[in-house]
Amino acid sequence: MTAAAFGALIPGAPLLLGLAGLLIRPGDDDEHHTPRRLAAGLGIFGAAVALAVTVELLLGATMPLAANTHWIGIGDIDVTLGFSADLAALYIALAVGVVALFVQIYSVAYLHDDPRYAPYAAQVSLFTGAMLLVVTSGDLIGMLVGWEVMGACSYLLIGHDRRLPEAPAAAVKAFVVTRVGDVGFLLGIALLAVDAGTTRISVILTHDYGHGTLTAALLLVLAGVAGKSAQFPLHTWLPDAMAGPTPISALIHAATMVAAGVYVVFRLYPLYAQSPAALAVLGVAASITILLGALSATAQDDLKRVLAWSTVSQIGYMTGALAVGSPAAALFHLLTHAAFKALLFLAAGAVIHAVGTNYLSRMGGLREHMPITFWSFVVGLGALAGLPPLAGFWSKENVLAAAAHATDGSGPAPVWVAWLVWVAALFAVAITAWYATRLLLCAFFGISRAHGPDGPDWEVGFDDAQYTPPHAPHDPPGLMRWPILLLAIPAALLGLAAYAPGFRQALELADPHLGVAVVLPLVLLALGAGSAWWRWRAAPGTDPALVLGPARPFLAAGFRLDDVQNRLVVRPVKQLARLARKTDERVVDAAVEGTGTGTSWLGELVAEMHRIALPWAALIVFAGALLLTVWFGVAS
Amino acid sequence: MNAYQVMLVATVALPAVGAGLLSMLPAKRAGIIATVFAAAALIPIVALAFAADDDDGIRSGAAIHPWAEVDLSWVPALHLDFHLGVDGVSYPLVALTGLLTLLCCAYTMWRAPAGGSPRTLLVLLLILEAGILGTFLSLDLILFFLFFEVTLLPMYAVIAGWGGEDRRRAARKFVLYTLFGSMLLLIGVLTVAVHAGTADLVALTGGTGLTKGTQYAAFALFAVAFAVKAPLWPLHTWLPDAHTQAPTVGSVILAGVLLKMGTYGLIRVGLGVTPLGAEWASPLLGILAAAAILAGALICLRQTELKRLIAYSSVGHMGFVLLSIATLTTTGVQAALLGNVAHGLITGLLFFLAGAIKDRAHTGELADLGGLRETAPRLAGLLGFAAIASLGLPGLAGFWGEAFAVVAAVERGGVLWTILAVLAAIGGALTAAYFLRLLRKVTHGPVGTPVAPAIAGAEWFAWSPLVALTLAVGLVPSLVLAATSLPVEALIP
């Protein structure tokens, strides 16, 4: 077996084991632990196999790997079943495998009393396999399969919690919004495939497209990217998706699915580099997303929503890096972000597990009770804000440097796009530092606000682990603790990999250079963090977000873009649907029914006419005869 | 006669003989006898698949190269020959018909719907099977018409005899509407037969012997006739009523294979016999198909009844198939063949599940259902699978037909077809929206009407092949397309 065929196990193992897992009977009774153990075993084993094969290939195989076989020919279009991976793809697969494995282990404890754990574990496996398929597929259709299966699993997992009334709606929203983007994705793939006569990526990348076709196809693909990677204007599903269990947020909404869009642009980058128009659109969307996400994150009261909006903003950094012509920086930030955001979500799960609420306004003073979780948060939030020497500092620095570099017009994108991305990214550094500090202060410092102003009877919200909060919060059990601790290592140190020549070459990353350019973001970081801290000092125990004043509800609602989306898309579609149904019933079907009743009526009329009395009948016959005689008489 | 010719005749004859025997034998063991005959009919169908390998004697000049064929003179004065044959275009549909009839017979044996006697229903199912198989296998235009008509009255009887409360009106509408289509088909068939001097499809394919004007007229007649059957918007309104009122097995056969006679006819007869007419009318056909996709999806968004929603979803799905055909590209016609089979599998499964839910909850109103995953997790899982397959998830059967309908429209090129591709893709997103709405109403949320979770053995027997094939065709689409590229290329002008 060649290395490439062996590599097919990377997506194959989790996919097959996930399908098998779906067949397990949901263990509804408490006595039966077998289905539960089997489900956990299949899930963990699938992720472990994918991870092991990835590591094996990273260490041993000669790059790049490619293997493909004919899948099906439809008309003139040749679809292949292909595996293709270079070092960069394998690094992404490594990140996905690690996070997926940790999430599976973590979920065993987090969902310890959930009767629907078996399908959950299987869906996580399927999801992991689908993401790995996107990463390693050598064919656009294979990539599309992974892309959509991921969406479907995300739908199922967000809607997992039976006790959250908002979960089903959030799940539907997540799937439908991304599916709207996929309208473009499919059309883009169709344009690329029809022109090249195949869906094989290696052929498509070298195919010579016309300028118009290429730009149209790439812009259409960007619509799909915006949907999956939660970029403006299709980002609205991600904050709501926090209704899913927290480990799911760590896997789907931090490390994998939202990164898939970035990866697809990275994969097709040789084409994007030829189209300044597509890059300009990407850059504008990225700049808006960076600021939109960061500003919305400042005003959230829900811990997970802060992280969700920060994800929106951080993915914006990645697409921004792509727009200014630095796919390497985008990929580097993708990897560090996967590490620190997965860490943050898993640690947030530990907090929610311990205090039974998502609301920052009901936390406080957790530092003494949960030291491990606290320090994990410090590392994660530090990396998020870009504090040296944590991982996020290095990758964010790369993005900023790439944007600054592109402002001299050397990149594939127009100069103004580079300026836009650079300025937005700089501003967001300060805002990110501000909300990261606020989160840390509100959750872990000050006094406990667990017993709110209305007494202790407030147990609502995203308490998705079916859990009664203990009297004193404590660090999570081992199965949850170890994944958090292990993820803290890459979140802290992954940035230093930029100094490892092998890694740098794999990503085609520039040498790390710590010049004067570093000073500006660091000053902004200090400014952001300092102002939040100063506010906390000035008025201890009050939420620094109070400083936002009347703007807070507006920011908390994500600039009310949900309302805009409702008014511009959802309501018109609903009205159109109502109109379509009415037209169908009152025009189309009524015409058919009318033909039926009309015919019966005509029949009755004729029957009636047959029954008229003889004198009248005779008169009519004679009149007819007369008419005909006159007619023909005139004619002749 | 060689073995394959015997198999070919047996494919049509076995269900017919079964129906005859069944109506004479005592009613006691009707279920078993019908199931045995339906299963027996699958044997020649499976055997015919091996005939595909023997296909080396490709005749020069002809556009149809059947793997096996039987040609017996019947009524020469009417150009009527008993001419049957199977090739890559018809085989998948033949297999689908055999499979679905077997599943329906077994299901009826376990749970006969209220109404007339189960024996009569089984007899009707077998007659239907014979008629549908005959339609797919006919290589003579007059014979094609005869078989096409054979299916009409049994379906009418199934709806009128075993349907819901408003069954008579629905059945009447179904039969009158499709009879109207058949009348046009008859005129079209006779026009072609008279002008060409033969009704042999092998000779007719490619439009030989027909003038441009005749082709235009004949295609117009064919197109309307098949559009009623398929159905194509705006000739679809018999479908929701028929489906809502029909018993489960009736819906499964109706959606699974009966509608496919329309799309198959359009490919085999419309494209084959009158290619110039098809070329002339394809833009209009494409526009109507795109309208069907959007109208079907939008109407589904506002449906409040489970079976009616699935019925309207068929309008949208068949819209994709018709759009594929209208592109007149090899990609399109192959996508249509895949879409046909996928829709048969998935919608068949959806109707089985909808029937199971309605039987248990005694209501199909979405507002009264809910929380199915709490009360019946397995049933909810299957419904979720079928719905997700139906919305065209890649990796499952429904994807290929729909995605490649869009690809084919893009391939055809030009402003009109690009717009149609965009509209079809938007229809795909709307399809996701209404199926998720359905799932949200039925499986999520608080428990509406409690549903018994136990799934009977006969239900597993009827459903699991459909589930497995949905996955199999999704992963290995060449199961359907293996032998289609040559016959399809021969059809494309």
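Visitor: At what angle do the axes of helix α4 and helix α16 of chain A cross?
Guide: In this predicted model, local features need pLDDT of at least 70 and side-chain atom pairs pLDDT 80 or more, while totals for chains, interfaces and linings use all residues. Helices are DSSP runs (H or I, at least four residues; strands are E, at least two) numbered from the N terminus, and axes are lines fitted to C-alpha atoms over the stretch in contact, with angles from 0 to 180 degrees between N-to-C directions. The axes of α4(A), residues 87–110, and α16(A), residues 327–355, come within 10 Å and cross at roughly 5°.

Visitor: Is α4(A) roughly parallel or roughly antiparallel to α16(A)?
Guide: Angles under 35 degrees count as roughly parallel and those over 145 as roughly antiparallel. The crossing angle is roughly 5°, and therefore α4(A) is roughly parallel to α16(A).

Visitor: How many residues of the contact of α4(A) with α16(A) are nonpolar?
Guide: Residues are in contact if their C-beta atoms, placed from the backbone, lie within 7 Å; among those in α4(A) are A:Y91 and A:V99, which belong to the set meeting α16(A) residues that include A:L335 and A:G349. With Ala, Val, Leu, Ile, Met, Phe, Trp, Tyr, Cys and Pro as nonpolar, Asp, Glu, Lys and Arg as charged, and the others, Gly among them, as polar, the contact has no charged residues, 2 polar and 11 nonpolar.

Visitor: What percentage of the residues of chain A count as buried?
Guide: Chain A has 25 helices and 2 strands. A residue is buried if 20 or more other C-beta atoms, placed from the backbone, lie within 10 Å of its own; of the 636 residues of chain A, the buried share is 57%.

Definitions and conventions:
Residues numbered from 1 in each chain as written. Chains lettered and ligands numbered in written order. Parallel < 35°, antiparallel > 145°, perpendicular 65-115°, else oblique. Contact = placed C-beta atoms within 7 Å. Buried ≥ 20, exposed ≤ 12 C-beta atoms within 10 Å, placed from the backbone.
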